[in-house]
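Colleague: I have the chain open on my screen and would like to go through it with you. Could you take my questions as they come?

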Amino acid sequence: MKAYRVGGAVRDRLLGLPGGDRDWVVVGSTPEEMVRAGFLPVGKDFPVFLHPATKEEHALARTERKTAPGYRGFTFHADASVTLEDDLARRDFTINAIAEDDEGVLTDPFGGRADIEARVLRHVSPAFAEDPVRILRAARFLARFAPLGFTVAPETLALMRGMVAAGEVDHLVPERVWQELKKALEMPRPSAAIALLRECGALAKLLPEVDALYGVPQRPEYHPEVDTGVHVQMVLDMAARLAPGDALLGFCALTHDLGKALTPKAELPKHIGHEHSGVRPLRAVCARYKVPTEFAAMAEIVCREHLNVHRLAELRPETVHDLIARCDGFRKPERIPLLALACEADKRGRLGREEEPYPPGALLLRLHVAAQAISAGHAVANGLQGPAVGEWLRKARIAAIESEKHRD
């Protein structure tokens, strides 16, 4: 019985990154022996145990065999005869197929260390094609490691394209797609995930509403990058820069311009009313992947309101008040700073505009604070009741917004 550190902890140490959770693989043991040694069994599909002292996960070395389509169609085999190399062979990428013993000696049968040095994401074996989740994992890893110079090996990209053509992604369950997409949106360069999914053909299958944006022109005086798909990628990366790790902001960035794919060709490159036409495809995405309620609600707010925020200085105080109210910004004040950030990402996610200031964002926050300072308690204190409270509250908040605007 011998335990080896495997996976992300080894990979990240070799990359010089801070270590996260440590996973272990155990060779030459059985479930019964692990339990006798004090390990707590927690695995449902295959033998995984928690160390009695550190609580770190220890999995018995195992092999797997494809038995049905999709990522659930596998059977696993784990016993004392399975070698460390057997276990590493079933992993997705070479950079994740490195083991390390207690003395720091590496077992690297598939050249993972060389691929780390070359900054290449490469599949371990043709068995990669048996699990469609690995397409999503490739996108997520690239979103994390692209800033370090990582690219996908040509043979891995070709394999992913073959998987899409074979219909493997059709077997992905919505919950798993959302789980991996959300993780990709938390990474430093989420655009890399979207670009890779598009390159292998998976984006058209999973997010056709986003895929349809590529090749759609915009007015170059406002969008020097012209292509709407390129713009969305730039907005994604700007959102990640403004609020690192914020998947909610990332989802708003990804979906804010879906209406531009629906603009009649005769109207291009203008996109009149795209902020309203984008709501229907956005709702379709949210329904398909059972997107959490607040993600769906906030993304719809950004889709619908981003042009209003861009021209906030021109809006009348009544219009600003009603914008905040449509966002439920008085009951859920946290939505307004997020809206401001999403709109800033949209404005700065354009070629050559990345370092420009975004005054409407700060203005929106100021006006929201001024309006929010007026509460229903003030109306009640003045002896008002019933509908009169709401009427007074709206007028008082509009007056507060107007007063704050005049400070400029």
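Colleague: To begin with, how much of the protein chain counts as buried?

Modeller: Please keep in mind that this is a predicted model. In the protein chain, which has 408 residues, 50% count as buried.

Colleague: And how many helices and strands are there?

Modeller: The protein chain has 20 helices and 11 strands, and its C-alpha atoms fill a box of roughly 80 × 55 × 40 Å along the principal axes.

Colleague: What share of the contacts comes from residues 24 or more positions apart?

Modeller: Counting contacts with a separation of 6 or more, 66% are between residues 24 or more positions apart.

Colleague: Changing topic, how many cavities does a search of the whole structure find?

Modeller: The search finds two cavities of 30 Å³ or more, and the largest cavity holds about 100 Å³ of space.

Colleague: Which residues line the largest cavity?

Modeller: The lining includes Leu136, Ala139, Arg140, Val177, Glu180 and Leu181, as well as Ile194 and Leu207. Two or more lining residues come from each of α5 (133–145), α7 (174–185) and α8 (190–200), and α7 gives the most, with four residues.

Colleague: Then the pockets: what volume does the second largest pocket have?

Modeller: Its volume is about 440 Å³. The second largest pocket is lined by 23 residues, of which Tyr222, His223, Lys260, His274 and Leu307 are the closest to its centre.

Colleague: Which elements give two or more residues to that lining?

Modeller: Those are α13, α15 and α17 (335–348), with α15 giving the most, four residues.

Colleague: I was also looking at Ile95; where does Ile95 lie, and is Ile95 buried or exposed?

Modeller: Ile95 lies in the loop between α3 (84–89) and β8 (99–100). Ile95 counts as buried because its relative accessibility is 0%, and the cut-off for buried is under 20%.

Colleague: What is Ile95 in contact with, beyond its neighbours within four places in sequence?

Modeller: Its contacts there are Arg11, Gly112, Asp115, Ile116, Val120, Leu121, Phe145 and Phe150. Phe150 is 55 residues from Ile95 along the chain, and the C-alpha atoms of the two are separated by 11 Å.

Colleague: Now the backbone: which residues does the cis peptide bond join?

Modeller: The cis bond joins Leu268 and Pro269, with omega about 5°, and Pro269 sits in the loop between α12 (247–255) and α13 (274–277). For context, most peptide bonds are trans, and most residues other than glycine have a negative phi.

Note on methods:
Residues are numbered from 1 along each chain as its sequence is written. This is a predicted model: local features need pLDDT of at least 70, side-chain atom pairs count only at pLDDT 80 or more; totals for chains, interfaces and linings use all residues. Side-chain values use heavy atoms; hydrogens and water are left out. Buried means under 20% relative accessible area, exposed over 50%, partly exposed in between (1.4 Å probe, protein chains only). Contact means heavy atoms within 4.5 Å. On a 1 Å grid over the protein atoms alone, a cavity is a set of points where a 1.4 Å probe fits but cannot get out, and a pocket is an open set with protein on both sides within 12 Å along at least five of seven lines; lining residues have an atom within 4 Å of a point. Grid points are joined across faces, edges and corners, and a volume is the space filled by probe spheres set on the points.
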